[in-house]
Amino acid sequence: MFGLASSSKWTSSVKTLLRALRQTSRYRCVSNNCQSEECIRRFITENTEIVGEQSLTPELKLRLFTPNCRFWTQRPELWPYSDPYWAIYWPGGQALSRYLLDNPTVCQGQTVLDLGSGCGASALAAARSGAAHVVANDIDSVAAVATHLNSDLNGLQPPVCLTDNMIGSQPAAFDLILLGDMFYDESLATSLHSWLDRCIKSHGTKVLIGDPGRAQFEEHGIRRLLRPLAQFELPESVREENYGLTHSCVWSYMPEL
């Protein structure tokens, strides 16, 4: 759930930034003032850039990190929030969003959950494609504010934003679950595998997964239960930002396989 800056070192730079932020978390502001929604909205507005043209979904505008943003080079101990994964438009999320926009019947009239929603792009694509009800779930409360800002940018009604960890919870009756770039860790992938099975068995939920072919995804057991739906060639700038990955794919999870 990837950034649209022109720098070819965007991915490594962002990872370095996130690592530095994590190491200096003890310095982060925890005051109520800093955590208010109004303060977060202002902070995001002042420290991101509106981008979109160089992604797979140029019709969606998103507030993301670019080299023009202050915290690209700012001292990490001044960052007051959790790691800003929401400020990156990851390639799996790009493919998933592109697929929904190209195939609106997939979510028309459906109740949709965007799990690990980050910047909210896939949730916005679902809403734009006619979904009846959209929920964006990310455990980072700042991501929820970013999603609302991105909804405003695109003239869309904001999705319901939930910050509880839904993985492992009692499955809710969603028609469709979207997962973009969620298989970056083996233990998380295993937890997802089990929970998705429960969602499907309980409610007949359909599951779509977007991923550019990371090792943790390709080597996990869930991979053999996926049916390919679409493959998208990443724009040149996105390839450079992602260590040369050339494509991102959308898969349908079919446990009966």
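In this predicted model, helices α3 and α6 cross in a right-handed sense. The two helices, α3 spanning residues 37–47 and α6 spanning residues 141–153, pack at an angle of about 65°, and their axes lie 10 Å apart. The model also holds an open sheet of seven strands, and the mean pLDDT of the chain is 86.

**Packing of α3 and α6**

- On the α3 side, the contact is formed by E37, I40, R41, I44 and T45, while α6 contributes V142, V145, A146, H148, L149 and D152.

**The sheet**

- Reading across the open sheet, the strands follow the order β5-β4-β3-β6-β7-β9-β8, and their pairing is mixed.
- The edges are taken by β5 (160–162) and β8 (226–233), each of which has a single partner strand, so one side of each is left without a neighbour in the sheet.
- From one strand to the next, the twist averages 20°.
- Strand β3 (residues 111–115) and strand β6 (residues 176–180) run parallel and are joined by four bridges, and within this pair L115 stands opposite L179 in β6.
- Helix α5 (residues 121–128) packs on the sheet, where it touches β3, β4 (133–137) and β6, and the direction of α5 makes about 180° with that of β4.

- The side chains of H220 and T190 are joined by a polar contact of 3.0 Å.

**Confidence in the model**

- Of the residues in the chain, 85% reach a pLDDT of 70 or more.
- Over residues 1–13 the pLDDT is below 50, although this stretch has 52 contacts in the model beyond near neighbours in sequence.
- Residues 23–32 also have a pLDDT below 50, and beyond near neighbours in sequence this stretch has 14 contacts in the model.
- Where pLDDT is low, the predicted coordinates should not be read in detail.

Notes. Residues numbered from 1 in each chain as written. Predicted model: local features only at pLDDT ≥ 70, side-chain atom pairs only at ≥ 80, totals over all residues. Heavy atoms only, no water. Pairing = 2+ DSSP bridges. Axes fitted to C-alpha atoms, helices over the stretch in contact; angles between N-to-C directions. Contact = heavy atoms within 4.5 Å. Polar contact = N/O pair within 3.5 Å; in protein donor to acceptor, adjacent residues only side chain to side chain. pLDDT = per-residue confidence, 0-100. Left-handed = near helix turned anticlockwise from the far one by under 90°.
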